[in-house]
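This report describes a protein chain whose sequence and three-dimensional model are shown below. It treats the annotated region, then a sheet, and finally the salt bridges.

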Amino acid sequence: MRAAVLHETGQDKLEVLDDIETVGFGPGKVRLRLRATGLCHSDLSAMAGVLPQPAPFVPGHEGAGEIVDVGDGVTGLSAGDRVLVCWLPACGGCPACGRGQTELCMSGFMNAGVPNFRRPGGSPEEVFGMSGTGTFAEEIVLPAECAVPIPDDVPYDIAALIGCGVTTGLGAVFNTARVEAGSSVAVIGCGGVGISVIQGARASGAAQIVAVDPVESRREAALSFGATEAVAPDGLDTARNSVTAGEGFDYVFEVVGRSATARRAYEITRRGGTLCVVGAGALDDFLQFNMFELFFDEKRILPSLYGGGDVLRSYRRTIDLWRAGRIDLEGLITHRVRLGEINEAIGQMRTGEALRTCVEM
């Protein structure tokens, strides 16, 4: 089986190997043939060590395909079913799930420390999958809860995007920040997740949506997806003054994952407004506030993990909005490659050329 492997954390490129085997199939598991996977910036963060992930590992966590086989005890799934990959499944029995905060369930994170693959004769032989998945592979073995059935009218490439980036961006708007109609919004970072935030803000009725990104092509894309204005970072103060008369935005979404941009986002949020942190950052990158400003400005700081809500409900909502033409998912896919061209896709992501690259298996 072919899979793209990162041998050591910090390496820039993946090696596409044809001698990888899946492991772990048995009771409660499914074997999935991947048909499409998206390249998410979190994959690059895991490769660089910003997000913790044991190595060697197969990146990728945003995929869709068809079930090849099901293990004993699996119900509701059969060979041939079309599914998307949920990298953070809910166990249903922990305190977080009991409170209805299924996105905070830790069972999915525990999967990241269990090998999903092996390379016979390799050193080491065990190969992990990113976030317990590893969708840059032709096949994968997953807990049944990670395989979510999709309707027949949803293509694999669209389903893959729903599995992470789109759900993360839309959910930050609908579940976490709860953007109100008529409000002003700024979005810092306009890759695939940031564009999904913009689409969610538009669907929520935001009156002004300012997209902020250093890459011109992404700013142009943001306008086509619903932003009312798009500026480079050095134009943000001018935009704040023109859109909000200097007061600051009602909602600001940080979709980069760096303390410097999060601090900037806080500064352009109006007093009493909402800063929503969507970007996944590093363990050693600290964000600072003084106690007076926290008290005096009464700005809400809301982190959003995987869209901040029940992902299964979020998947269904996203499909309904897509069917109704309220959001554009096809347009998010700006590049398509085969698995053997994965390093080309990584380069496009790093430069900002691509919003989302679909890897077709």
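This is a predicted model: local features need pLDDT of at least 70, side-chain atom pairs count only at pLDDT 80 or more; totals for chains, interfaces and linings use all residues.

## Annotated region

The stretch corresponds to an annotation in an unreviewed UniProt entry, "domain: Enoyl reductase (ER)", which covers residues 10-355.

## The parallel sheet

An open sheet is formed by six strands in the order E14-E13-E12-E15-E16-E17, with parallel pairing. At its edges are E14 and strand E17 (300-303), each of which pairs on one side only. On average, neighbouring strands of the sheet are turned by 15° against each other, direction ignored. As a general point, the strands of a sheet pair through backbone hydrogen bonds, in either a parallel or an antiparallel sense.

Strand E13 (residues 208-212) is mostly covered, four of its five residues being buried. E13 pairs with strand E12 (residues 184-188) in the parallel sense over five bridges. Within this pairing, valine 185 stands opposite isoleucine 209 in E13. E13 also pairs with strand E14 (residues 229-231), again in the parallel sense, over three bridges. Here alanine 211 stands opposite alanine 230 in E14.

## Salt bridges

How many salt bridges does the count give? The count comes to 15 salt bridges.

| Pair | Closest N and O atoms | Location |
|---|---|---|
| Arginine 119 and aspartate 19 | 3.1 Å | loop between E8 and E9; loop between E2 and E3 |
| Glutamate 66 and arginine 35 | 2.7 Å | strand E6; strand E4 |
| Glutamate 267 and arginine 263 | 3.3 Å | both in helix H9 |

Arginine 119 forms a salt bridge with aspartate 19. This pair links distant parts of the chain: arginine 119 is in the loop between strand E8 (117-118) and strand E9 (126-129), aspartate 19 is in the loop between strand E2 (15-17) and strand E3 (21-22), and the two are 100 residues apart. Arginine 119 counts as partly exposed because its relative accessibility is 25%. Aspartate 19 also counts as partly exposed, at 29% relative accessibility.

Glutamate 66 forms a salt bridge with arginine 35. This pair, too, links distant parts of the chain, with glutamate 66 in strand E6 (residues 63-70) and arginine 35 in strand E4 (residues 29-39), 31 residues apart. Glutamate 66 has a relative accessible area of 25% and is therefore partly exposed. Arginine 35, at 29% relative accessibility, is counted as partly exposed.

Glutamate 267 and arginine 263 both lie in helix H9 (residues 259-267), four residues apart, which is about one turn of the helix. Glutamate 267 is partly exposed, with a relative accessible area of 38%, and arginine 263 is partly exposed, with a relative accessible area of 22%. Both residues belong to a network of salt bridges that links Asp237, Arg240, Arg263, Arg264, Glu267 and Glu293.

Terms used. Residues are numbered from 1 along each chain as its sequence is written. Side-chain values use heavy atoms; hydrogens and water are left out. UniProt positions are given in the numbering used here, feature names are shortened, and annotations may be inferred rather than shown by experiment. Buried means under 20% relative accessible area, exposed over 50%, partly exposed in between (1.4 Å probe, protein chains only). Two strands pair if DSSP finds at least two bridges between them. A salt bridge is a side-chain nitrogen of Lys or Arg within 4 Å of a carboxyl oxygen of Asp or Glu. Axes are lines fitted to C-alpha atoms, for helices over the stretch in contact, and angles run from 0 to 180 degrees between N-to-C directions.
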